[in-house]
Amino acid sequence: MKVPRAIRPILVVALAYAIVEAGIPAIGALLKPGTWPVVPAHLARIYLFFIANVVLLYTAADEVLWGRVRGELRYFFGADEVRVVRTLVIAAISLAGGYVAYDAVRPRLETPPELRAIHPAPPASFSIGGKAYDLSTLNNPLRADKSKFADHVKAGAELYFKNCFFCHGDKLDGKGHYADAFHPRPANFRDVGTIAQLRESYLFWRIATGGPGLPREGWPWMSSMPIWHRFLSETEIWQVILFLYDFTGQAPRVRDS
Amino acid sequence: MRRLAIPLVLLLAQALAAAAPADSEVGRAVYDRWCARCHGAEGDGNGPAAPFLMPRPRDFTLGVYKYKSTEGTRPPSDQDIGRMVAEGMPGTAMPGWKDVLGEGDRQNVVAYVKTFSDIFEAEEPGPPISLAGRPADSPQLVAVGKDTYRKAKCHECHGDAGKGNPSKKLKDDWGAPAWPRNLTRPWTFRGGSDVKDIYTRITVGIPGMPMPAFGDAGKPDALTEWERWSVAHYVASLADPARRPSPAANVAKASYRAEEIPADVTAQVWLDAPAVSFRLAPQIIAAERLFTPVVDQVTVRALYNDREVALLVEWDDPTPSRPGDRVQAALAPGEMFEDAVAAQFPVAPSEGPDKPYFGHGDAANPVNVWYWRAGRAGAGSAYALFDMRGMGSKVERDPAPSGLSASGEYTDGTWRVVFRRSRLGDTGDVPFESGRLIPVAFANWDGSNGEKGSKHTLTPWVWLWLEPAPSLKTAYVPTAVALLLAGGLLGASARARRAGGRREHGEGK
């Protein structure tokens, strides 16, 4: 069966639409199984706008081709023998247009995107109860004496299971038994994107000052991380940090020398 | 050939692993790394985390396992223990371990856990109870189950509606308070929520807990196999999956109503209003903290009209706690305070991401707190309006100018509290505009669980959205577009036909 010239541009645009909506995510799924990376709606609209324009230009640029398209359209709109099909197509297009308009004006609910910085840049320094900490020079003091390392890790483990595991989990995977009641979700320390990317001084700052200590881009009003310096001593915080790295087998990021 | 080789090797390895006897010494290392912080290095359920947990971690030294499938008082099978290790226990701090521990490790740790008690040397695990008699689900069977539920006095602990509200004080064998399971929430069933899991619980009971075994033919309260299956099906029919909180569902939608909002919470408009459930976490952020909550979720519905907005906050609670109520006080493990609930709003909701700190706001961003409490027995409930600028900075304000009121009632294991306020409120009140997302957070105090003051449960910021009333725009814009399109296309058609007719005419000449 020969596809009429007037239908072809529509088919090409439909094919492009299918590629943008399903083809691109399918490639993503092949590269990384279990994912379905969709093209953002505004980007998809831009793609389709340009594709539709190019198709239209291509069709209209060749005079012979354009003549045929016009002929077919004239036949479709004018010939008596296609009257039933014509009426149906006009009805379908009108209803589809009505639906698109309805979709555009109906009251809809879109929760705002959460563009929160998970690991925002820390301040240069901060102070707790009058004691100032310079983050650029701060190091974990408990790493100096190797003979006490195991004791500190053990103490850190106990502290973790008395204070942190409710949210960050037995497995340090951020899936503690209250984790899904909080938003944003607690950090997963096993993930290579968290403590493995950060210096120990950064962890000290985040733990000691908690959610309210975050800068604005970290959305301090949402984080349920407690202000731990109110519950734990400085040494205890460093012990927990040692435990986090030791148990997960991650290494803290060190300053580039 | 090579394609077959890999699966064959894997199969062989699996067969070997299954055949190899579990090694309790290897299991010790697994246990010390992953389990000891809750269950204790000596297996006595007294690890450093244990005091902060309810239910408490299992004490392995007694050899009593709550969730087993073996007959009578015989010890559990390795499969029973292995299942809890692999799948975990929903609603408790015990996670499923199959993501970090392979089958071999899990078998080894089961072998090690068994060494804490000598019961496994003295007794063989009994045979698993038979599940072969499972009847097909039917409304008749559920009806029989409902009758059996009463006959077997299940309602005395689990409540008439299955919400887990007991009529007597319950303790486990270790002396800890035990609240009966809320049967409408199968996602919190520790030993699984399939009908056959429920049948297993009814048949062998929960050792160490007040839940008796109904399958012991010798006992006077024993039920026949058919009756137990019928109760299992009835219990499964009580499930209310729509109330399962989901982190993705974080918007309470208020529906518009032209008329008055009924005070009666059983009115059809309230039942038709969309409901959303939010998980409650205990307040473990600032002193004094609560670690062992009982009430773990709230369900919210909302309605509004031109004048008012109303929130219906519901939660299942094993006891209606009003100090002075001796019957309820007798059920509470400790001193009983009053049940209470609160809703919190930013005074000035911003269009951007900024909000007041979720823990009662901050100096620059105050919040309104609507507070309802059950009151003393006989005195009736009370409500209040607070302005807060951070924890502990409570300023009470007269609720009357804001048009704020609240009332609550407790039926069959569920509290239902309705807050109402005028849409505009008073100076310093959050305004309720339709079509706009307004942050809201909830807090709950379970008085029989010793919750009072900063010891309470809470949600983070979620949203309230007053769904705009149906407007003419949503009807006439689509109609106009459809008519324009139809008109344009029909017009084109008419022109084309006229032109075609002229051409034919012309050609005919």
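Which residues lie nearest the centre of the second largest pocket? In this predicted model, A:H168, A:P186, A:A187, A:R206 and A:M225 lie nearest that centre, out of 35 residues that line the pocket. A pocket here is an open set of points on a 1 Å grid over the protein atoms alone, with protein on both sides within 12 Å along at least five of seven lines, where a 1.4 Å probe fits; lining residues have an atom within 4 Å of a point.

Because the model is predicted, local features need pLDDT of at least 70 and side-chain atom pairs count only at pLDDT 80 or more, while totals for chains, interfaces and linings use all residues. Residues are numbered from 1 along each chain as its sequence is written, chains are lettered from A and ligands numbered from 1 in the order in which they are written, and side-chain values use heavy atoms, with hydrogens and water left out.

The space in the second largest pocket comes to about 810 Å³, a volume being the space filled by probe spheres set on the grid points, which are joined across faces, edges and corners. Four helices of chain A, α5 (149-163), α6 (165-168), α7 (200-209) and α8 (234-248), each supply at least two lining residues. Helices are DSSP runs of H or I with at least four residues, strands are runs of E with at least two, and both are numbered from the N terminus. With 4 residues, α7(A) gives the largest share of the lining. Sorted by class, the lining has 23 nonpolar, 8 polar and 4 charged residues; Ala, Val, Leu, Ile, Met, Phe, Trp, Tyr, Cys and Pro count as nonpolar, Asp, Glu, Lys and Arg as charged, and the others, Gly among them, as polar.

Helix α7 of chain A also holds A:E200. A:E200 is buried, because its relative accessible area is 10%; buried means under 20%, exposed over 50% and partly exposed in between, for a 1.4 Å probe and protein chains only. The side chains of A:E200 and A:R143 are joined by a polar contact of 2.9 Å. Such a contact is a pair of N or O atoms within 3.5 Å; within protein, one must be able to donate a hydrogen and the other to accept it, and residues adjacent in sequence count only if both atoms are side-chain atoms. Leaving aside residues up to four places away in sequence, A:E200 touches A:N140, A:R143, A:W238, A:I241, A:L242, A:Y245 and A:P252, where contact means heavy atoms within 4.5 Å.

The loop between α6 and α7 of chain A contains A:P184 and A:L172. Most residues other than glycine have a negative phi, and most peptide bonds are trans. The peptide bond from A:H183 to A:P184 is cis, with omega near 0°. A:L172 is not a glycine, yet has a positive phi of about 60°, and at 0% relative accessibility A:L172 is buried.

B:M54 and B:P55 are joined by a cis peptide bond with omega of about 0°, and B:P55 sits in the loop between α3 (36-39) and α4 (78-87) of chain B. B:K153, in the loop between α7 (139-151) and α8 (155-158) of chain B, has a positive phi near 65°. B:K153 is partly exposed, since its relative accessible area is 49%.

Next come the domains, whose bounds are from an automatic or database domain assignment. Chain A is divided into domain 1 (8-105) and domain 2 (125-248), with C-alpha centres 53 Å apart. Chain B has domain 1 (18-122), domain 2 (139-237) and domain 3 (246-466); the C-alpha centres of its domains 1 and 3 lie 40 Å apart.

Three further residues can be followed. In strand β7 (residues 367-373) of chain B lies B:V367, which is buried because its relative accessible area is 0%. Its C-alpha atom is 7.1 Å from that of B:P356, 11 residues away along the chain. Beyond four places in sequence, the contacts of B:V367 include B:P356, B:F386 and B:W461. B:Y112, in helix α5 (residues 103-114) of chain B, is buried at 6% relative accessible area and touches B:S24, B:G27, B:R28, B:Y31 and B:A41, not counting residues up to four places away. A:Y102 lies in helix α4 (residues 83-105) of chain A and is partly exposed, with 35% relative accessible area. Not counting residues up to four places away in sequence, A:Y102 touches B:T474 and B:P478.
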